[in-house]
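Biologist: I'd like a quick tour of this one. Can you bring it up on the screen?

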Amino acid sequence: MENGISLYPGLDNTPDENLALLEKAAQAGIRRVFTSLHIPETDVAALKQEIGSLLRAARRHHMEVISDVSPATCQLLDLPEFTPTSFRMLGITTLRLDYGFSAEEIARLTHRFPEMRFQLNASTITNRILKDLQDAGTDFSHIDALHNFYPRRGTGISEEFMVRKTMMLHKLGIKTGAFVPSQHRRRSPLKDGLPTLEDHREESADLAARHLIALGIDSVFIADSLPSDDELQLVGSLNDDLVTLQARLLTGNTFQQKLLSHTFTARPDEARDAIRASESRDLLKKLDGIIQPNNTIIRPIGAITIDNQQYQRYMGELQIIRTPQEADARTNVAAIVDENEVNLLQYITPGRKFSFRFHK
């Protein structure tokens with residue numbers, strides 16, 4: 001999974017802050033950079049002065065640079081003509097084609113410039129647009145998509161709308177990205193965060209990003225100007241198609257902790273009351289251990305349980321509880337999902353992989 005940051009030369013950050021951000025992102029394993037070259041509040045003179053050094057630094061780290069473009073961008077960057085080759089020479093490797101490009105023009109670009117990538121606006125895509133692109137002979141191997149972010153409070157899209165648009169694109173094999181806000185420094189002029197989903201406006205970048213992945217998003221971008229080091233590290237470490245749950249350990253037993261450190265797959269025969277891990281009992285056999293009774297308390301929603309030796313052949317069965325259950329001497333409550341993350345349980349559908357990240 002290749003996640004990203006956003007850079008806005010000529011707006012908010014100093015040139016040194018932008019270069020430092022790019023360097024830290026590269027060290028965190030982030031490989032994509034989004035930039036917009038037509039924000040009205042941008043200091044154009046500062047942008048022109050700074051853009052070259054940023055693009056060179058991104059190229060040194062082999063980072064993909066995605067830019068919103070329009071014919072007016074050529075004048076802004078002092079390019080002689082609007083061609084993908086001109087942008088490529090600057091270091092912009094992916095062009096986000098929003099308004100002003102017909103299906104025929106996009107199809108022609110994908111064939112004439114195979115060294116470039118092109119990006120669709122996932123939030124405004126329609127079945128009609130995709131049909132027109134297919135009819136025009138677009139080479140979709142050069143295409144991905146990215147949802148918008150929404151600076152004005154109350155204008156971010158809903159989860160249902162985003163999922164519908166994303167599924168539309170996935171049917172054609174088009175990978176799709178979306179934005180999360182930073183809670184460290186928010187971008188001007190409104191400074192209300194830059195989320196794709198309105199629900200994420202006040203959410204931590206980490207939880208918002210894991211929510212997007214749970215919803216099927218392929219690439220997460222931090223949209224705001226200057227994310228914290230922790231935000232960069234957490235987003236840089238995310239895995240594709242994996243629902244990661246933050247939880248609190250309730251056991252000091254190192255053997256149970258070792259079992260909980262693995263990645264699991266939800267069983268295909270979905271239980272009514274719990275998410276059952278497919279691999280946990282086999283993992284226990286490989287670890288060649290015994291689960292002793294420990295913390296056999298009531299099991300609230302979000303409890304992460306491991307069956308102990310009293311459950312006989314079920315020893316090692318790992319579950320996440322969906323429906324509250326009474327205490328059972330045969331089942332240990334080893335950990336519990338954070339209350340504000342219980343919503344993510346609904347996305348652990350049969351066959352979906354999941355893992356835990358523990359804090360004290």
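Biologist: Let's begin with Tyr314. Is Tyr314 buried, partly exposed or exposed?

Modeller: Tyr314 is partly exposed, at a relative accessible area of 30%. Buried means under 20%, exposed over 50%, and partly exposed in between (1.4 Å probe, protein chains only).

Biologist: Where do these values come from?

Modeller: From a predicted model, in which local features need pLDDT of at least 70 and side-chain atom pairs pLDDT 80 or more, while totals for chains, interfaces and linings use all residues. Numbering runs from 1 along each chain as its sequence is written, and side-chain values use heavy atoms, without hydrogens or water.

Biologist: Fine. How many aromatic pairs does the structure hold?

Modeller: There are 9 aromatic pairs. Tyr311 and Tyr314 make one of them, an edge-to-face pair with 5.9 Å between centres and 65° between planes. Rings of Phe, Tyr and Trp (its six-membered ring) pair when their centres lie within 6.5 Å; planes under 30 degrees apart are stacked, over 60 edge-to-face, the rest tilted.

Biologist: And what is the accessibility of Tyr311?

Modeller: Tyr311 has 25% relative accessibility, which counts as partly exposed.

Biologist: What about Phe354 and Phe356? How are their planes set?

Modeller: Phe354 and Phe356 also pair edge-to-face. Their centres are 5.8 Å apart and their planes make 70°.

Biologist: Are those two buried or exposed?

Modeller: Phe354 is buried, with a relative accessible area of 0%. Phe356 is buried too, at 10%.

Biologist: Which rings link into a cluster?

Modeller: Phe34, Phe149, Phe179 and Phe221, joined by ring pairs.

Biologist: Back to Tyr311. What sits over its ring?

Modeller: The charged end of Arg330, 4.0 Å from the ring centre. The rule wants NZ of Lys or CZ of Arg within 6 Å of the centre and within 35 degrees of the ring normal.

Biologist: Now Tyr8. What lies over its face?

Modeller: Arg187 does, at 4.8 Å from the ring centre of Tyr8.

Biologist: Which residue does Arg330 meet in a salt bridge?

Modeller: Asp328, with N to O at 2.9 Å. A salt bridge needs a side-chain nitrogen of Lys or Arg within 4 Å of a carboxyl oxygen of Asp or Glu. Asp328 is buried at 16% relative accessibility, while Arg330 is partly exposed at 33%.

Biologist: Which salt-bridge partners join into one network?

Modeller: Arg153, Arg186, Asp192 and Glu202 do, through shared partners.

Biologist: How many salt bridges does the structure hold?

Modeller: The structure holds 22. In one of them, the side chains of Glu23 and Arg60 meet at 3.5 Å, N to O.

Biologist: What does that pair tie together?

Modeller: Glu23 is in helix H1 (residues 15-27) and Arg60 in helix H2 (residues 44-60), so the bridge ties parts 37 residues apart in sequence. Helices (H or I, at least four residues) and strands (E, at least two) are DSSP runs numbered from the N terminus. Glu23 is partly exposed at 25%. Arg60 is exposed at 56%.

Biologist: What is the partner of Asp135 in a salt bridge?

Modeller: Lys131, with the closest N and O atoms 2.9 Å apart. Both residues lie in helix H6 (residues 127-135). They are 4 residues apart, about one turn of the helix. Asp135 is exposed at 53%, and Lys131 is partly exposed at 39%.

Biologist: Change of topic. Where does Arg96 lie?

Modeller: In strand S4 (residues 94-97). Arg96 is buried, at 3% relative accessibility.

Biologist: What does Arg96 touch?

Modeller: Contact means heavy atoms within 4.5 Å. Leaving out residues up to four places away in sequence, Arg96 touches a set including Phe34, Asp68, Gln119, Leu146 and His147.

Biologist: Last one, helix H11. Which of its residues are buried?

Modeller: In H11 (residues 280-287), they are Ser280, Leu283 and Leu284. What covers these buried residues includes helix H10 (254-260), strand S10 (264-265) and strand S13 (318-321).

Biologist: And which exposed residues are on the face turned away from the buried side?

Modeller: That face of H11 carries Lys285 and Lys286.

Biologist: What follows H11?

Modeller: Asp288 follows H11, and its phi is positive, near 55°.
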